Amino acid sequence: MKYFKKIALAALALLTCTITMYAYAVTHPTNAMSHKACTSWDMIKRKAFLMSHSDYSSKPALDLATFHIAQDSATEVPVLMYHYIQPKINNHETNNKSIINLEDFEENMKYLHEEGYNTITLEQLEQYVNGQISLPKKSIVITFDDGYQNNYTLAYPVLKKYNFHASLFVIGSKIQDQPSPFDPAKNTFISKQEMHAAKDVFEFNSHTYNLHHKGYMRCGDNVPVGLDTSLLNDDVKLMKETGIDTPYLAYPFGYTSTQMIYQLQQNGYRMAFSVRSGFVRPGDNPMKLPRLTVTTGTDLAALLHPESDQQQEILPVVEISH
């Protein structure tokens with residue numbers, strides 16, 4: 001009895017100390033100590049959340065102990081991540097990692113075609129992750145984030161030329177009612193009409209309706225508003241009203257949290273993508289899948305075969321509790 005009493009008193013003391021530190025953090029938001037206190041408080045809230053939500057699980061549905069990958073099938077699948085396509089002559093932001101020159105993109109697709117890669121759908125990838133199907137070697141997923149008009153005007157013809165499939169993660173609030181006159185030098189977004197015209201190549205999935213911007217303050221840091229889970233339910237509803245009623249999502253800026261994942265799952269999302277670099281394998285957590293960033297100058301052969309060359313710079317996934 002005395003032992004348990006000591007544990008309870010220690011836990012109470014730790015909680016009291018943490019609350020005191022958190023109160024200090026609120027009144028001194030730029031102080032290094034306050035930042036540490038805030039993140040410690042976040043950790044406590046995350047643990048409390050997990051304890052109070054017994055239906056949440058980060059464990060894969062696949063039992064890796066009994067699962068065996070079929071012979072001559074893919075042991076891992078690369079998911080390529082593109083954003084903005086622009087002709088080299090119009091690219092004046094050569095250090096912008098979200099832009100790839102059209103010429104480089106065309107070379108990428110030509111390489112994949114010549115090497116015998118086969119593009120798969122996100123539904124097929126989900127089944128693969130859950131161990132429900134095997135995939136041929138050299139299966140690959142091509143994704144685009146944000147929903148720029150140049151994904152249709154410039155990337156679509158190239159993909160169609162090679163009979164490739166791709167997923168476009170669109171920001172719902174950016175979808176245009178009518179197409180804009182295309183100007184490669186301007187930042188414009190895809191329209192409903194263009195999405196309909198491109199559905200033989202693209203599947204359209206969620207990049208949230210209007211959460212792809214920063215403005216949520218956490219421990220003195222300005223982070224994406226999607227981490228404010230009070231906004232998620234309404235955002236998902238608006239996204240579905242646009243016609244993007246999908247179980248697949250790409251996290252804005254790659255930021256996520258346990259609470260965010262849980263709420264997305266409650267809204268029917270089954271698979272989501274980060275910006276963490278890596279390959280997708282059976283048994284991976286389907287709500288934290290990695291991708292491979294491709295930009296101007298990327299050596300695609302080296303990116304797809306890191307064992308034979310140096311891997312591209314790794315972009316870490318950002319896991320934030322709140």
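What share of the contacts in the protein chain between residues at least 6 apart in sequence join residues at least 24 apart? The share is 68%, with contact taken as heavy atoms within 4.5 Å.

The model is predicted: local features need pLDDT of at least 70, side-chain atom pairs count only at pLDDT 80 or more, and totals for chains, interfaces and linings use all residues. Residues are numbered from 1 along each chain as its sequence is written, and side-chain values use heavy atoms, without hydrogens and water.

The protein chain has 9 helices and 14 strands. These are DSSP runs numbered from the N terminus (helices, H or I, at least four residues; strands, E, at least two). Of the 322 residues, 46% are buried. Buried means under 20% relative accessible area, exposed over 50%, and partly exposed in between (1.4 Å probe, protein chains only). The accessible surface of the chain is about 16600 Å² by the Shrake-Rupley method. Carbon and sulfur atoms account for 54% of that surface.

Helix α3 spans residues 102-114 and includes Asn108. Asn108 is buried, at 7% relative accessible area. Beyond its neighbours within four places in sequence, Asn108 is in contact with Tyr82, Ile100, Val294 and Leu300.

Glu114 also belongs to helix α3. Glu114 is exposed, with a relative accessible area of 55%. On the surface, Glu114 gathers with Glu103, Glu106 and Glu107 in a patch of negative charge.

Conventions:
Patches are made of residues with over 30% relative accessible area and no salt bridge: like charges are joined within 9 Å, nonpolar side chains (Val, Leu, Ile, Met, Phe, Trp, Tyr) within 5 Å. Accessible areas come from the Shrake-Rupley method with a 1.4 Å probe; for residues, only the protein chains shown count as cover. A salt bridge is a side-chain nitrogen of Lys or Arg within 4 Å of a carboxyl oxygen of Asp or Glu. Lys and Arg count as positive and Asp and Glu as negative; His and the chain ends are not counted. The place of a charge is taken as NZ of Lys, CZ of Arg, CG of Asp or CD of Glu.
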